[in-house]
Amino acid sequence: MGRVISTKPRLACIDPPRLLAGLDETYRLDRVGHLTVHGSLPTLRPDELVALAENIDLRGRGGAGFPFARKVTAVMESAGRRDGRCAVVVNGSEGEPSCLKDTALLLHTPHLVIDGAVLAATALGADDVVIAVHRPDVEESLSAAVAERGPSGPRVRVSVTDDRFVAGEGSAVINGVSGAPAIPNGRKIRTSDSGLGGLPTLLSNTETFAQLAVAARMGALPFRSVGLPTEPGTTLLTVGGKYVMETPFGVPLTYVLELCGLTPGQGVLVGGYHGKWLLPDSLGSVTVSRESMEKHGARLGAGAVLPIPENTCPVGETARVARWLAGETANQCGPCFIGLPALADAIGQVERGGGQAALDTVNAYVQSVKRRGACGHPDGTAGFVTTALDAFPDEFREHALGAGCGRPTLGVLPLTDGASSGPLALPPGPSARRDERDASEQLIVDWTLCQGHGLCADILPEVIELGIDGYPHQAKYGVPRQLRGQAVRAVRRCPALALRIEE
């Protein structure tokens, strides 16, 4: 297990040397240093690449944990149905301030990340590798690494995208490296079908490609010698917003905190600002593993671990993060750019003693933004607020009723500038229940286009209900057969062309 960990971030390593070998002693591995530590990179056939990823159960390390082998297979199949061309994109757009692991990799060992991407591109026959980043120092490190490698192999280029939370979403990354605004496109189009330049694209996180490069050199069996039988290998964590460390899967979470000189405090937020709070009384049984996290309704996500100390106010910290998240929207759908600032304002009202009405407003806005956004940002933000309400109910109640918890807000949860404010709205009245048992078609709201005109609800009030922000209350509505004519009229009359009917 690792040694400590500095705040820069410099990284711990484990024995035997693996992903971060030597990085507790040197700042950055250039090409010569990289080859000295890791050796030359093998070449794999497509079937060997898939087999390796399956044997080590390699999963995406950017949040969702999707099996890498399935991504590779999907790209191969999609490219096979076309002209065989494809691309590889590395998602290094680390837009959450509680996460530094990808930044650490790209600053300290950029060649390892490039190796993994080049290995995959060579196996797939891809001509282009694009690495999306947003920090100038990371761009400098990667550009130097690309220059050190020379012209052989697939073309590798570095693309600077927007520095914002939603810019790391898959379709936003593809948009950003293509020269468009780095915002989610709101459509469920898989990058394995259409990504960079419309080509089938293998898109995965920075750490995923680094782990692939390590496993290709070591082989599956040595790679599996560390970690759990069901979750082999190691993972990178950002602890407390400033420490980056590598740990085998299966290590107790409390031990990770101890190595960083931290305690659980009032609780630990795992998975970042779209994650979940784990309370101290449950942490004794929590390990760094998907299975353990799932037992507590949590997941590692992008590897952020954030303890909140005893001396800060959890309500104030929640309000700070909620306002920052509200400022990180793509401003393309009402539930996001109207609903999230209103939710943040409502939490601020609770913090300042707004009474039970303020608590009710918070809950109303949490419900109003769910499953209505063009991407997962509204759902993730609502989830963050919900887990805070569940973890610290007494503190929220004390603040709402005016007494407060007696602790200052110290700002221990890391943020960047840019949080915005939004109007405080009244809580909604009771929602009407729709009987959709005879609905044979779905009326779909495209949140990237909807502008909240409300004309659809005027035409089809039996089906469409507007939320407290003036936008449709849901993304999908069942259309009873007898109302199909009105639904078609609503689609045709929508000024923003934001409605469509699907079977």
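**Walking through the model**

Q: How much accessible surface does the protein chain have, and what share belongs to carbon and sulfur atoms?
A: The accessible surface is about 20,400 Å², with 50% of that belonging to carbon and sulfur atoms. Areas come from the Shrake-Rupley method with a 1.4 Å probe, and for residues only the protein chains shown count as cover.

Q: Before we go on, what are the ground rules?
A: This is a predicted model, where local features need pLDDT of at least 70 and side-chain atom pairs count only at pLDDT 80 or more, while totals for chains, interfaces and linings use all residues. Residues are numbered from 1 along each chain as its sequence is written, and side-chain values use heavy atoms, with hydrogens and water left out.

Q: How many helices and strands are there?
A: The protein chain has 19 helices and 12 strands. Those are DSSP runs numbered from the N terminus: helices are H or I with at least four residues, strands are E with at least two.

Q: What percentage of residues is buried?
A: Buried residues make up 55% of the 503. Buried means under 20% relative accessible area, exposed over 50%, and partly exposed in between (1.4 Å probe, protein chains only).

Q: Which helix is largely enclosed by the rest of the structure?
A: That's α7, residues 170-177, because 7 of its 8 residues are buried. Among them are V173, I174 and V177.

Q: What covers the buried residues of α7?
A: The cover includes β1 (87-91), β2 (128-133), β3 (155-160) and β4 (201-205). Contact here means heavy atoms within 4.5 Å.

Q: What about the loop between α7 and β4?
A: S192 lies in that loop and is buried, with a relative accessible area of 8%. Leaving out residues up to four places away in sequence, S192 touches A74, V75, S78, P200 and T201.

Q: Switching to cores: which residues touch the most other members of the largest nonpolar core?
A: Y273, W277, V362 and F396 do, in a core of 65 residues. A core is a set of buried Ala, Val, Leu, Ile, Met, Phe, Trp, Tyr and Cys residues joined through side-chain atoms within 4.5 Å. A second, separate core has 47 residues, including L52, A121, F209 and L236.

Q: Where do positive phi values turn up in residues other than glycine?
A: R371 is one of them, with phi near 55°. R371 sits in the loop between α15 (355-369) and α16 (377-391), and counts as exposed at 62% relative accessibility. L497 also has a positive phi near 55°, and is found in the loop between α19 (484-493) and β12 (499-502).

Q: Is L497 buried or exposed?
A: Exposed, at 62% relative accessibility.

Q: Last one: how far apart are L29 and P110?
A: They are 81 residues apart in sequence and 7.8 Å apart in space, C-alpha to C-alpha. L29 is in the segment before α1 (31-38) and counts as buried at 8% relative accessibility.
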